[in-house]
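Reader: I am new to this structure. Please pick out the local details and take me through them closely, step by step.

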Amino acid sequence: MSDEIKITPVNRGKRPAFFDDPAIDQLMAIVMAMSAEMSVLYDRVDTIERLLDKKGTLSRDDIEAFRPDQGVEDERNGRRNDYISRLFRIIREERETLVAHDKMDEYNALMDELAKS
Amino acid sequence: MAPQAPHDLLIEPTHDEFALQSYVSALRMFTLQEIGGGLRGVYESRVKPSFEQERGRAPTDEHEVRHAMMADPYCRTWSSMMRSAQEMIWDSIIPSIERAQPDLNSRAASLAQKPKGSMTLDPDVEVPRYVSASDIHLMPGNYYSERDAGDVSQGALYDRGVYVYAGGHGGPYGDSIGRSLAQHLKIRFPDFQPERVLDIGCTVGHNILPFVDVYPDAEVHAIDVSVPVLRYAHGRAESFGKPMHLHQMNGENMSFEDESFDLVMSVVTFHETSRTAMKNILAECRRVLKPGGLMIHMELPRTADMDPFDAFYIDWDSYYNNEPFYQAFTSTDLKAAYVDAGFKEENYMEVMTPDIYAVPEDTFEAAASGPENKAERYGRLGESIHWTGWGAWKEG
Ligand SMILES: C[S@@+](CC[C@H](N)C(=O)[O-])C[C@H]1O[C@@H](n2cnc3c(N)ncnc32)[C@H](O)[C@@H]1O
């Protein structure tokens with residue numbers, strides 16, 4: 001179609017590299033995008049289950065037409081947040097050990113002592 | 001995500017598009033709050049101490065903090081995630097716009113057929129370089145790209161984009177700043193009844209539209225340099241049945257008559273303009289204001305009185321989110337700039353208001369009528385969201 005409108009999904013301006021190896025930035029972007037695809041899939045499965053619960057049968061149109069009401073969306077959002085939290089656990093963990101970094105000093109001191117003895 | 005208030009230009013996302021947008025919104029919020037919330041701890045517990053060890057003193061400004069922080073792995077990870085999340089917002093919306101076209105453009109054209117308001121385009125107005133130089137906040141195509149006569153795509157991208165960005169916290173109309181401001185002014189200055197209101201850099205009109213509700217007798221005008229967003233703003237306002245007069249005009253050089261507005265305002269426009277442009281816009285604001293009129297600009301907080309870490313955090317967008325003028329703006333002394341533009345120092349005023357959607361009515365009213373309207377705290381920093389504005393009355 002000649003009157004199709006296309007929006008090129010890139011923006012003008014140099015993309016900063018945050019890590020010394022830009023491949024790490026690329027990997028981070030890929031992981032984030034992949035996490036999104038999985039969440040979309042989960043919502044779709046959830047839609048299918050809800051439709052089956054209600055009607056015992058479904059069509060593709062039923063799935064496409066399904067819109068979560070606020071209750072369903074809140075439930076999904078809770079699930080999304082738990083999911084994100086599990087996925088990025090390694091980063092959350094770093095934050096939590098920072099808060100407890102006094103305790104880590106104690107722990108490391110203990111380990112040093114044990115290593116000496 | 002709660003649903004956005006429907007209007008005739010709002011694109012209904014498919015099942016999966018909605019799922020994607022909701023997720024991207026949650027992912028961005030998680031990155032901002034849960035991961036970003038650890039940055040201060042990283043700074044205090046290891047970045048600052050090692051800076052001190054090396055230099056024998058603490059970092060003195062945001063640039064030193066930035067250089068040190070951006071070498072830290074935690075801050076790098078957070079930054080990389082923030083950058084991707086921002087890109088993913090736009091990516092989650094673009095396919096729905098392509099699908100809705102070219103019908104979307106026709107709908108905008110037919111909404112403009114029997115308008116309650118108006119739209120005046122002026123092809124002589126050019127998009128200034130500070131807008132066109134980069135795709136601001138990474139929005140592909142910026143505010144002004146047109147792929148077709150009558151194209152409104154960029155308006156659609158912005159309308160949905162800021163909604164996903166804010167996770168719907170700007171309210172169903174995305175008007176939390178404008179509605180908070182309008183209601184705040186009404187309570188705080190009950191005798192101030194503007195007859196003509198002007199918004200500079202209105203984009204799709206999110207934050208000017210509430211003025212039509214709060215001051216129903218006022219004639220509301222709004223300008224922008226970018227045509228696709230103006231067309232979209234026009235259709236959106238008409239679809240809501242709210243009279244609004246839109247103009248393709250540059251705030252640095254407006255064709256309105258002298259002393260023709262009671263209230264001249266903007267919402268987050270200044271941080272996307274150059275210093276020179278801001279100076280020119282201030283002079284124009286003063287020119288078009290009636291004696292006794294009010295100029296007010298809702299904006300990002302000033303970094304001058306902040307600790308260098310907070311300033312680094314606020315200005316991160318300037319370096320990594322295509323907001324080239326952010327940092328220049330947050331470090332500008334607005335009171336001095338207003339005085340330079342001719343306003344009297346004693347007529348300078350500030351607004352600090354809680355978000356109208358986030359607090360009970362009596363809390364909002366108490367804040368508006370209370371004496372402490374100082375623009376000190378701000379949404380991204382404070383525990384609760386506060387919107388800040390800087391203004392001046394014109395003597396007379
Ligand atoms: C961040 S947006 C403002 C958002 C809008 N006020 C709202 O509340 O939703 C900045 C807008 O200012 C416009 N702009 C930038 N410089 C301008 C100028 N000199 N005159 C008029 N509009 C301008 C841009 O085209 C863009 O639409």
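Author: From the N terminus on, chain A runs α-α-α-α-α. That is five helices and zero strands (DSSP runs numbered from the N terminus: H or I of at least four residues for helices, E of at least two for strands). This is a predicted model, where local features need pLDDT of at least 70, side-chain atom pairs need 80 or more, and totals for chains, interfaces and linings use all residues. Residues are numbered from 1 along each chain as its sequence is written, chains are lettered from A and ligands numbered from 1 in written order, and side-chain values use heavy atoms, without hydrogens or water.

Stay with chain A. Of its 117 residues, 27% are buried (under 20% relative accessible area; over 50% is exposed, in between partly exposed; 1.4 Å probe, protein chains only). Chain A exposes about 8,300 Å² (Shrake-Rupley method, 1.4 Å probe; for residues, only the protein chains shown count as cover). Carbon and sulfur atoms supply 57% of that area. Take the contacts in chain A with a separation of 6 or more: 39% of them join residues 24 or more positions apart (contact means heavy atoms within 4.5 Å).

Now find F66(A). It sits in the loop between α2 (60-65) and α3 (70-87) of chain A. Its relative accessible area is 16%, so F66(A) is buried. Leaving aside neighbours within four places in sequence, F66(A) touches T47(A), R50(A), L51(A) and R76(A), and also H15(B) of the other chain. From F66(A) to K55(A) is 11 residues in sequence and 13 Å in space, C-alpha to C-alpha.

Cross to chain B. Helices α2 (39-55) and α3 (62-69) of chain B have axes that come within 10 Å and cross at roughly 100° (lines fitted to C-alpha atoms, for helices over the stretch in contact; angles run from 0 to 180 degrees between N-to-C directions). α2(B) and α3(B) are therefore roughly perpendicular (65 to 115 degrees; under 35 is roughly parallel, over 145 roughly antiparallel, the rest oblique). From α2(B) come L39(B), V42(B), Y43(B), V47(B), F51(B) and R55(B); they meet E64(B), V65(B), A68(B) and M69(B) of α3(B). By class, this contact has eight nonpolar, no polar and two charged residues (Ala, Val, Leu, Ile, Met, Phe, Trp, Tyr, Cys and Pro are nonpolar; Asp, Glu, Lys and Arg charged; the others, Gly among them, polar).

Next, the backbone of chain B. Most residues other than glycine have a negative phi, and most peptide bonds are trans. Q101(B) and P102(B) are joined by a cis peptide bond, with omega about 0°. P102(B) lies in the loop between α5 (94-100) and α6 of chain B. H137(B) is not a glycine, yet its phi is positive, about 35°. L138(B) also has a positive phi, near 65°. H137(B) belongs to the loop between α7 (129-132) and α8 (153-165) of chain B, and L138(B) lies in the loop between α7 and α8 as well. H137(B) is buried at 11%. L138(B) is buried at 1%.

Last stop: G117(B). Its loop runs between α6 (103-111) and β1 (118-120) of chain B. At 9% relative accessibility, G117(B) is buried. Beyond neighbours within four places in sequence, G117(B) contacts H234(B), E238(B), P243(B), M244(B) and H245(B). L246(B) is 129 residues away along the chain, but its C-alpha is 7.8 Å from that of G117(B).
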